[in-house]
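Have it open as you read, and look up each spot as it comes along.

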Amino acid sequence: MSLSINTPLLESLPLGRLNKTRVWMKMEAMQPSGSFKIRGVGHACEQHYARGARRFISSSGGNAGLAVAYAGRKLGVPVIVVVPESTSERARHLLSLEGADVRVHGKTWAEANELALSLLNNEDAFIHPFDDQLLWEGHASMIDEVVAAGLRPDAVILSVGGGGLLAGVDAGLRRNNLDIPIFAVETVGMSSFHAALKSGHPVSLPELTGVATSLGARQVCQRAFDLASEREIISLTVSDKQAVDACLAFLDDHRTLVEPACGASLAALYESQIDVSKMGNVLVIVCGGSTATTASLQGFKG
Ligand SMILES: *Cc1c(COP(=O)(O)O)cnc(C)c1O
């Protein structure tokens, strides 16, 4: 059994026309938890369950927490998600819809995370949002599906938060012998991967700003940073406005609502920020996300 689904691989004619190449979209927004996170989180939860875990604990008020809540509901395992006071009503509502026990604690994520860790006993599994080998193994399955569908892309475009998606896609490319570049996109206010490359090691950003909250990791995981010396990874940043505009254009073109975190990757193509015209087939990971609404996107004043 797998908790994630085999998502559609669709060609985008508008984005292909705009970028003078063929653009393929892996539609992770269609996952039951609303984002790609269920691939890795689902895999991790299944492994922990098989090893005897009987409760899952998360401190993510975003798509990672939603994926844990979904996995717990499917496996019949109770889930506690500890979130800081700043977590939106909508996120709390979505978590409780999935049946999670949502506990609000502290002003910052660090405080919520501390409480979450203090709850752990030996029948619990703590599910990290991005820095865990099990997550990367699970995320890698999206590339297996692309290859099984008959596509061997010449480049991948994806968004980077803490770097779990990047590490997972890299793992998937490796096991399918695809030695191709990855375009790693962030919004300016959440650019922890960009900062790590500039500094020569992962660094903690003094602050996180902007609308792409699902990219809000102060520091990328070591694995994501290390990959930059093992494969061609092109880091780029887009503005919040570009990410939001890309979400709105994507909604019209492909009838799917995604978060600005995902819009960042789409903006690289909508704004033709990269020259992919010499690459035959470009794959963009439409990573999805459940916390945006049409009202929040339309109401954005950049
Ligand atoms: C988590 C998330 C990301 C970033 O993934 P990382 O593994 O943290 O790099 C991007 N987009 C969406 C919608 C997400 O939920």
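## The annotated span

In residues 6–288, the end C-alpha atoms are 15 Å apart, and the span is 42% helix and 17% strand. UniProt lists these residues, in an unreviewed entry, as "domain: Tryptophan synthase beta chain-like PALP". Please keep in mind that this is a predicted model.

- Strand 8 covers residues 182–187, and six of its six residues are buried, so the rest of the structure largely encloses it.
- Strand 7 (residues 155–159) pairs with strand 8 in the parallel sense, over four bridges. Within this pairing, Ile157 stands opposite Phe183 of strand 8.
- To get from strand 7 to strand 8, the chain passes through helix 8 (residues 164–175), making a right-handed β-α-β crossover.
- Strand 8 also pairs with strand 9 (residues 233–238), again in the parallel sense, over six bridges. Here Glu186 has Thr237 in strand 9 as its bridge partner.

**Thr21, a buried loop residue**

- You will find Thr21 in the loop between helix 1 (13–19) and strand 2 (22–26).
- Is Thr21 buried or exposed? Its relative accessibility is 12%, and because the cut-off for buried is under 20%, Thr21 counts as buried.
- The Thr21 side chain reaches the backbone oxygen of Met279 at 2.3 Å.
- Neighbours within four places in sequence aside, Thr21 is in contact with Gly16, Val276, Ser277, Met279, Gly280, Asn281 and Val282.

**Two residues with positive phi**

- Most residues other than glycine have a negative phi, which makes the next two worth a look.
- Arg255 is not a glycine, yet it has a positive phi of about 60°. Arg255 sits in the loop between helix 11 (240–254) and helix 12 (260–270), and it is exposed, with a relative accessible area of 65%.
- Ser272 is not a glycine either, and its phi is positive at about 45°. Its place is in the loop between helix 12 and strand 10 (281–285).
- How exposed is Ser272? With a relative accessible area of 36%, Ser272 is partly exposed.

Technical notes
Residues are numbered from 1 along each chain as its sequence is written. This is a predicted model: local features need pLDDT of at least 70, side-chain atom pairs count only at pLDDT 80 or more; totals for chains, interfaces and linings use all residues. Side-chain values use heavy atoms; hydrogens and water are left out. Buried means under 20% relative accessible area, exposed over 50%, partly exposed in between (1.4 Å probe, protein chains only). Two strands pair if DSSP finds at least two bridges between them. A crossover is right-handed if, with the strands pointing away from the viewer, the path from the first strand over the helix to the second runs clockwise. UniProt positions are given in the numbering used here, feature names are shortened, and annotations may be inferred rather than shown by experiment. A polar contact is a pair of N or O atoms within 3.5 Å; within protein, one must be able to donate a hydrogen and the other to accept it, and residues adjacent in sequence count only if both atoms are side-chain atoms. Contact means heavy atoms within 4.5 Å.
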